[in-house]
Amino acid sequence: MTLLPCVANQSLIDHHCHGVVRTDVDRAEFEALLTEADGVSPLGTSLFDSMVGLAVRRWCAPVLDLPPHASVDNYLARRAELGATEVNRRFLAASGTSDLLVDGGFQPERSTDTDELAALSGKTIHEIVRLETLAEGVAATGVSAADFATRCAEALALRARTAVGCKSIAAYRVGLRLAGARPTDAEVRAAAGRWLASAGPRRLADETLHRFLIWLALDERLPVQFHVGIGDADLDLAECDPLLLTGLLRATRDTGVPILLLHNYPFHRNAAYLAQVFPHVYVDIGLATHNVGRRSGALVAELLEIAPFGKVLYSSDAFGLAEHYYLGAQRFRSGLSEFLAAGLADESWTELDAGHITRLIGQRNARRAYAPRLSNERSVN
Amino acid sequence: MTLLPCVANQSLIDHHCHGVVRTDVDRAEFEALLTEADGVSPLGTSLFDSMVGLAVRRWCAPVLDLPPHASVDNYLARRAELGATEVNRRFLAASGTSDLLVDGGFQPERSTDTDELAALSGKTIHEIVRLETLAEGVAATGVSAADFATRCAEALALRARTAVGCKSIAAYRVGLRLAGARPTDAEVRAAAGRWLASAGPRRLADETLHRFLIWLALDERLPVQFHVGIGDADLDLAECDPLLLTGLLRATRDTGVPILLLHNYPFHRNAAYLAQVFPHVYVDIGLATHNVGRRSGALVAELLEIAPFGKVLYSSDAFGLAEHYYLGAQRFRSGLSEFLAAGLADESWTELDAGHITRLIGQRNARRAYAPRLSNERSVN
Amino acid sequence: MTLLPCVANQSLIDHHCHGVVRTDVDRAEFEALLTEADGVSPLGTSLFDSMVGLAVRRWCAPVLDLPPHASVDNYLARRAELGATEVNRRFLAASGTSDLLVDGGFQPERSTDTDELAALSGKTIHEIVRLETLAEGVAATGVSAADFATRCAEALALRARTAVGCKSIAAYRVGLRLAGARPTDAEVRAAAGRWLASAGPRRLADETLHRFLIWLALDERLPVQFHVGIGDADLDLAECDPLLLTGLLRATRDTGVPILLLHNYPFHRNAAYLAQVFPHVYVDIGLATHNVGRRSGALVAELLEIAPFGKVLYSSDAFGLAEHYYLGAQRFRSGLSEFLAAGLADESWTELDAGHITRLIGQRNARRAYAPRLSNERSVN
């Protein structure tokens with residue numbers, strides 16, 4: 001299906017993505033990065049036997065000069081032949097994005113950092129602070145429980161000079177059943193004391209401290225992204241329904257600082273409800289968009305049933321494989337175009353409406369959500 | 001898409017709706033009444049940027065003599081020109097409904113009451129008793145805890161002379177995690193005592209008392225409607241899944257008195273399951289039907305996957321804007337027609353079947369559910 | 001719609017089904033067996049007023065030499081005329097299955113047993129051990145709490161000589177909120193003691209004992225099926241979300257023994273997630289497939305969004321009416337064909353891909369999941 005011109009030509013702000021692996025990957029590594037599974041299971045088959053696997057062969061193969069539906073072997077051979085840098089460059093270029101908001105906190109050692117990503121892509125890169133990484137960095141300095149809150153605040157204030165937003169991965173650590181209220185100084189101190197006194201690596205997983213960090217970000221007026229919905233087997237998906245955030249959303253509403261619910265699948269209709277009734281809530285369907293391959297249109301349609309068009313963003317959640325940058329954008333454009341074309345076909349809306357909705361979701365909502373930090377740097381669209 | 005004739009010609013019983021605002025509304029008020037959001041957010045855009053907003057411009061504009069897809073400004077100007085009374089009259093007439101079952105308990109001061117609605121619409125109006133309003137009225141008389149239960153029973157018996165059913169908004173006050181058992185006299189007395197002794201306005205929000213009122217309605221053999229699923233930001237949607245009512249449905253099954261699950265989105269598949277396995281449970285997809293605009297067909301199809309056709313009703317949940325009366329019906333007819341036409345196209349069923357299903361959902365199920373109170377007053381279809 | 005040839009010609013392994021009623025059934029019995037409702041409700045209409053009812057008239061009627069869309073009366077008259085044995089034989093033959101994995105533990109007294117089903121169908125029958133029935137059988141011998149665990153292990157070891165897998169109906173008894181850890185001997189002994197000391201019929205409903213039995217099956221390296229999602233009014237659907245099994249799946253992952261999530265509707269997207277991230281988890285959409293009639297394609301598409309194609313199985317969950325054997329297969333083939341044809345039409349995949357996916361889901365995944373017990377007996381495809 002050809003894309004509607006308004007969608008095909010719309011440059012996207014990818015408001016949540018990560019670095020890509022710098023080096024060549026073999027088949028096992030490629031499959032491990034393809035879905036949320038750790039890797040191929042002896043009880044299953046190749047992970048190319050999936051919607052995203054089919055989408056890679058259909059849509060990514062041509063970017064590497066192969067025919068659509070190239071075999072997996074041919075695809076991986078061509079990928080190796082071109083080399084990681086060229087492959088990464090091609091997919092980033094093909095994504096049709098103007099700005100990338102990058103969370104560099106996941107597996108930084110083997111991924112491109114911000115500068116590398118900027119060089120590879122030629123795009124404007126913006127920084128997202130992963131709150132848990134920041135707190136773990138503070139903990140690693142040997143801080144006392146009494147000083148923990150202040151040190152975190154200082155560290156975040158420093159990052160806020162350049163970053164455009166923060167991200168919470170509470171979903172992965174304690175789930176989204178977070179209380180609403182800002183924790184008191186005494187509560188933070190007590191929780192920090194328990195955490196800092198614990199043995200082993202300092203992996204933050206404490207409801208009070210996740211909540212403390214979120215309020216810290218809001219104090220800095222930094223928009224806060226939340227991982228919501230699907231992820232890898234580390235999380236408990238039953239605890240990642242966005243509706244579990246209702247109390248926190250109610251408590252933070254009056255700050256007027258945006259809260260951005262990422263991914264959301266398979267709870268995207270729940271997230272859309274929150275975007276309708278809470279003035280500061282935005283949603284996307286990132287990660288799912290490329291995972292589901294040709295079903296992206298179904299997801300876009302479900303998301304847009306009750307989410308106001310002014311509160312929906314685009315993200316790829318690309319990580320590891322540069323294919324995800326391209327597929328995320330390509331599948332999102334396809335899904336949005338399918339959604340809009342259906343309404344044009346039965347005259348539910350006009351081409352002007354379709355163009356307006358595309359601009360909102362592709363660029364304008366993100367610039368508004370991350371203003372003034374993002375809009376000040378505006379260079380594209 | 002043209003409607004199937006059997007659907008286009010089917011007069012509907014709207015088994016759950018409210019009054020409309022009597023007076024002209026400005027743009028801010030219109031947008032505040034358009035969705036479940038309190039109003040336009042500075043972080044979003046106009047709430048006309050939504051499926052329901054597009055549907056108003058597409059479908060409501062012609063009812064006001066404007067071309068489809070009229071601009072928002074032109075739409076609101078024409079609305080003001082015609083005046084609230086004429087606008088209300090037109091949309092009520094265009095809805096193609098025969099009977100309205102009206103819950104007058106929400107914002108009565110600025111909405112049309114039963115008589116006004118009857119005069120405006122020329123339709124048969126039936127009364128639904130909002131249980132919490134009834135109890136709050138009893139509380140306002142200065143009743144003692146010891147007399148509370150009896151006074152409520154008396155008040156409901158009085159209303160039962162004319163009303164056709166009751167409604168519980170427990171979802172808004174305490175959520176749907178209600179116990180099944182009828183509370184004992186002592187439990188009701190204790191709960192009433194706590195409530196009546198509390199300071200501030202007498203807003204009922206007590207699990208025991210909501211449950212008490214529901215059993216009171218069943219004693220009167222009055223069908224009980226439940227708000228389920230989406231609503232405004234006052235509710236906690238995680239606590240509004242109809243499956244939370246399973247214990248209560250099991251406990252009330254043998255009464256044989258209908259329980260009607262309203263709205264249900266995004267949990268409508270869960271509600272459909274309850275309608276299949278519990279003999280006294282009915283479902284609708286009201287409120288969502290107009291909220292989702294051209295996606296109403298997707299919702300109807302999901303609802304009807306496992307809900308028996310003999311247990312599905314139509315409602316608009318119209319409130320405030322008369323547009324919702326028309327859009328609710330128009331989008332429902334469109335969705336049902338789309339669903340039925342798809343099955344006719346691949347010969348999954350016949351035109352006779354389509355007509356039969358339409359009559360069940362449009363009229364007959366409601367007459368059976370609210371019999372003998374509703375069917376005795378039958379005047380249309 | 002005609003089926004894709006690759007789907008039409010694919011012989012299916014039905015990895016979860018039950019016996020059929022041996023004798024003729026009247027209309028009330030037929031309707032009681034048609035859906036998950038106990039029977040027709042005076043507040044509803046005939047249960048033929050449902051998607052599955054329409055599907056019976058459309059698809060089953062021709063198998064009994066009637067025209068499509070035969071009336072209910074004609075259908076039931078013809079059914080009676082042919083007699084239960086001939087009707088059962090026809091539908092089993094028409095299902096196009098090669099192997100049936102039969103759980104004989106549900107209402108065995110009026111259903112065909114394994115030998116009868118083999119004789120009727122001419123298919124290879126494999127035995128699934130219902131764990132709760134096994135434990136209830138052990139309890140009925142008057143075993144002591146101290147010996148209970150050993151007697152269960154012995155009984156299961158005996159069954160494991162011929163059975164290919166086990167099934168847990170914890171969903172029906174205590175819900176799926178099961179802990180992960182293998183219970184200790186002392187815990188099992190204590191729980192058995194409480195259960196064996198209780199009065200009344202020995203119906204197992206104890207979280208510790210359900211979990212004990214599951215681990216026992218894994219010790220025998222017998223794949224474990226779980227009832228998940230919809231069922232009759234005995235279960236509490238809110239407690240049957242597959243995500244509630246996350247802890248148990250995490251705990252059992254390293255056993256490498258398959259866990260198979262049955263039915264899953266309306267939580268099939270949640271189940272698909274588990275099949276993606278847990279190496280030993282398989283999913284199906286049985287029971288729902290025939291319940292939803294012509295909507296089976298929507299369910300297949302939702303299931304396959306993120307479930308790897310190597311982890312999806314076919315089952316009918318046929319019980320009672322032989323129609324369900326045929327409808328389950330027919331609706332599944334239709335749904336899969338619809339899904340695959342849509343992707344062929346827009347060139348999302350090739351015919352080779354479609355054939356490969358069909359073979360995986362129709363046969364190969366089941367042979368792999370139940371290997372070596374099932375594959376050793378391979379006779380068909």
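Author: In this predicted model, the contact between chain A and chain B takes 37 residues from chain A and 37 residues from chain B. Together the two chains bury about 3100 Å², and 57% of that area lies on carbon and sulfur atoms.

On the side of chain A that touches chain B, at least two residues each come from α12 (246–252), α13 (268–277), α15 (296–304), α16 (323–345) and α17 (351–369) of chain A. Sorted by class, that side has 17 nonpolar, 10 polar and 10 charged residues.

Next, the way the chains are arranged. Chain A is superposed on chain B by a rotation of 120° with 0.0 Å of shift along the axis, and the RMSD is 0.0 Å. This is the relation of a three-fold axis. The two copies meet through different surfaces, as 3% of the contact residues of chain A recur in chain B. Of the residues of chain A, A:Ala298 comes closest to the rotation axis, its C-alpha lying at 5.9 Å.

Chain B also touches chain C. Here 37 residues of chain C are in contact with 37 residues of chain B. The area buried between chain C and chain B is about 3100 Å², with 57% of it from carbon and sulfur atoms. Within chain C, the residues that lose the most area to chain B are C:Leu43, C:Asp49 and C:Arg294, which together give 22% of what that side buries.

Chain C and chain B share 5 salt bridges, among them the one between C:Arg295 and B:Glu305, where the closest N and O atoms are 2.8 Å apart. Across this interface 20 residue pairs are in polar contact, both residues being at pLDDT 80 or more. The elements of chain C that give two or more residues to the side touching chain B are α3 (51–60) and α15 (296–304). Of these, α3(C) gives the most, with 4 residues. By class, the side of chain C that touches chain B divides into 17 nonpolar, 9 polar and 11 charged residues.

How values were computed: Residues are numbered from 1 along each chain as its sequence is written. Chains are lettered from A and ligands numbered from 1 in the order in which they are written. This is a predicted model: local features need pLDDT of at least 70, side-chain atom pairs count only at pLDDT 80 or more; totals for chains, interfaces and linings use all residues. Side-chain values use heavy atoms; hydrogens and water are left out. Copies are superposed by least squares on the C-alpha atoms of residues with pLDDT of at least 70 in both. Contact means heavy atoms within 4.5 Å. Buried area is the accessible area (1.4 Å probe) that two parts lose on being put together, summed over both. Ala, Val, Leu, Ile, Met, Phe, Trp, Tyr, Cys and Pro count as nonpolar, Asp, Glu, Lys and Arg as charged, and the others, Gly among them, as polar. A salt bridge is a side-chain nitrogen of Lys or Arg within 4 Å of a carboxyl oxygen of Asp or Glu. A polar contact is a pair of N or O atoms within 3.5 Å; within protein, one must be able to donate a hydrogen and the other to accept it, and residues adjacent in sequence count only if both atoms are side-chain atoms.
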